[in-house]
Amino acid sequence: MRYLICIKQTPDTAELPKVKPEEAASGRLSVQLVVNPWDEHALEGGIRMMEQFGGEAGAITVGGEDAIERLRSALAMGCKDATLIQDTTADAWGVAILLAAAVRKMGNITYVITGQMTVDGNSGTLPVALGRALGWPVLTGVARVVAADETRITVERIVGQARHTVTAPAPAVLAVVKEIGEPRYPTFINIRKAARMAIPVWTPADLGVQVPAAKVHMSHFRKPPAREAKVVLFNGTPDEAAQALIDTLLAEKVL
Amino acid sequence: MKTLVFIETDSGAVVGSSWEALGKALSLGGEVEALVIGHPVADVAAEAGARGAAKVYLIDDPTRALFDLDLYTADVKAVLAASQADVFLASHTGNGRDLAAAVGFDLGVGVIADCLELNVVDGRLVGTRPIYSGNILVDVQVDGQPQIATLRPRAASPAPVIGATAPVVTMAPAAATNRVVVTAVERAETGEISLTDASIIVSGGRGVAKDPDLGFKLIRELAQVLGAAVGASRAAVDAGFIPYKYQVGQTGKVVRPDLYIACGISGAVQHLAGMGSSKVIVAINKDAEAPIFSVANYGIVGDLFEIVPALTRAAKARLNR
């Protein structure tokens, strides 16, 4: 079996508040970039599938040359190979089309694994778009892979407040959530291997694809209104403070 | 402008935030139609009319009792063709998000996902949505027809029941085969309030560490008195104090209740990404320097093991519960 884990380069969590509106508009960020936190869970999920059910897991990303560093992180975690699709122009549907073309070019992928969403774009729509582009079934909210082989997969999905056990025919796209597993730390040996490994770079032309014009147009990037900065503290014994707080919340009509 | 609103159901029961999408569509003006898919959902179709939809498309079939991406996408495409709606709107639940993405990708149109606000400017839809985990707001438009958008739960008021009636157009389920088979469904305990729909959330964090079971028991008791949902920080989930489905924050759920009570939560960036847009934030923390106090409206500096039971007592007394 072959697993392909799709990752994206996003700002480090602690740096997200520092992203400026003009940087978000241009896409040229000055903050520290890392593997999207949801995709770290996808990497862990894919590597665990490789260990549990056999086969090989590779990583792929769509981005500029700097994104190669993120692929090295994926290799250091245990992916066997990595591929960069070099493009910084595609919107979500364009990325889905590029990834689908890469999956077709590889030809032997059994399961594509993604994080459920990214911490920059936040829409969570890419996994479904990729599944539709491939014509494969899509399982989102995957919390646990129960069984998988060349023909069929069984997973537990989080659906609203419920948990569904579902099966689907291979090949399929899985979008995983954090419960799939905490990302492992890279080993020294893997870090060394990752530093040396050749990472193929494919252009859209290599994939025989023209990146479609963006269908989504964003404007008026701005910071959300700041919260009232001043906190009102209640003092006294626990009961005194609690009563004063409850009375205030009742007066604010939020209770 | 004509808007078709997807009314999500689950084994015959309506998913409440669908009425918020209907309410938002009605506030935009123009013609508003509803699409109810599920089984058995004739009463939900009637309710959509009672809440102001001018026409209701109904696909009621045993194969539709649970959401299935392949089947529902085929249904929506068929109804969009029949309705010729300019806009397709769904609530940004997991299923609503997936459905909007599949329909949009198949039709070659973009999706304005997870909107906090929707407006019509020069006859076209403009959605306002957070990106960078709530740190940037942006206005979004899409080309083409239909324009597809999803609305974040609790971003709009549900359409009220006005006692109207609307014609119901019963459609046959689209000819499609499902590939995904559901073999088991484990539901939340009855009475458990969904985090994304909750108007009040009481959340616990690392501060419960000295006795996590007692800490979350106290938090649950307060939540019960307030009619609130229970949440947790990533630190509490990672430490194994409470399951992942309760996690609020960047790799968990994004919530926007009227009242968020953070108990023993320091307020790390990744937690704020999940609850920063709550209307009123209350912080209870031993550490007066904790970052949560810089976003909180109200706070008590103290031990949650003393403060939370005191709040439960005070709330019981004041609310007569």
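This is a predicted model: local features need pLDDT of at least 70, side-chain atom pairs count only at pLDDT 80 or more; totals for chains, interfaces and linings use all residues.
Now the helix itself. Helix α5 of chain A covers residues 126–134, and nine of the nine are buried, so it is largely enclosed by the rest of the structure. Among those buried residues are A:L126, A:P127, A:G131 and A:R132. What covers them? From chain A, the cover includes α4 (92–106), β6 (111–115), β7 (138–148) and β10 (172–176). Chain B takes part too, with its own α4 (94–107).

That brings me to the contact between the chains. On the A side, 72 residues are in contact with 74 residues of chain B. Helix α7 of chain A, residues 238–251, gives the most to the A side, with eleven residues. By class, that side has 41 nonpolar, 18 polar and 13 charged residues.

Strands also pair across the two chains. Strand β12 of chain A (residues 216–222) runs antiparallel to strand β10 of chain B (residues 136–142), and five bridges join them. One example is A:V216, whose bridge partner in β10 of chain B is B:V142.

Last, one residue in a loop. B:D197 sits between β13 (181–186) and β14 (200–204) of chain B. B:A172 is 25 residues from B:D197 along the chain, and their C-alpha atoms are separated by 31 Å.

How values were computed. Residues are numbered from 1 along each chain as its sequence is written. Chains are lettered from A and ligands numbered from 1 in the order in which they are written. Two residues are in contact if their C-beta atoms, placed from the backbone, lie within 7 Å. Helices (H or I, at least four residues) and strands (E, at least two) are DSSP runs, numbered from the N terminus. Ala, Val, Leu, Ile, Met, Phe, Trp, Tyr, Cys and Pro count as nonpolar, Asp, Glu, Lys and Arg as charged, and the others, Gly among them, as polar. Two strands pair if DSSP finds at least two bridges between them. A residue is buried if 20 or more other C-beta atoms lie within 10 Å of its own, exposed if 12 or fewer, and partly exposed in between; C-beta atoms are placed from the backbone.
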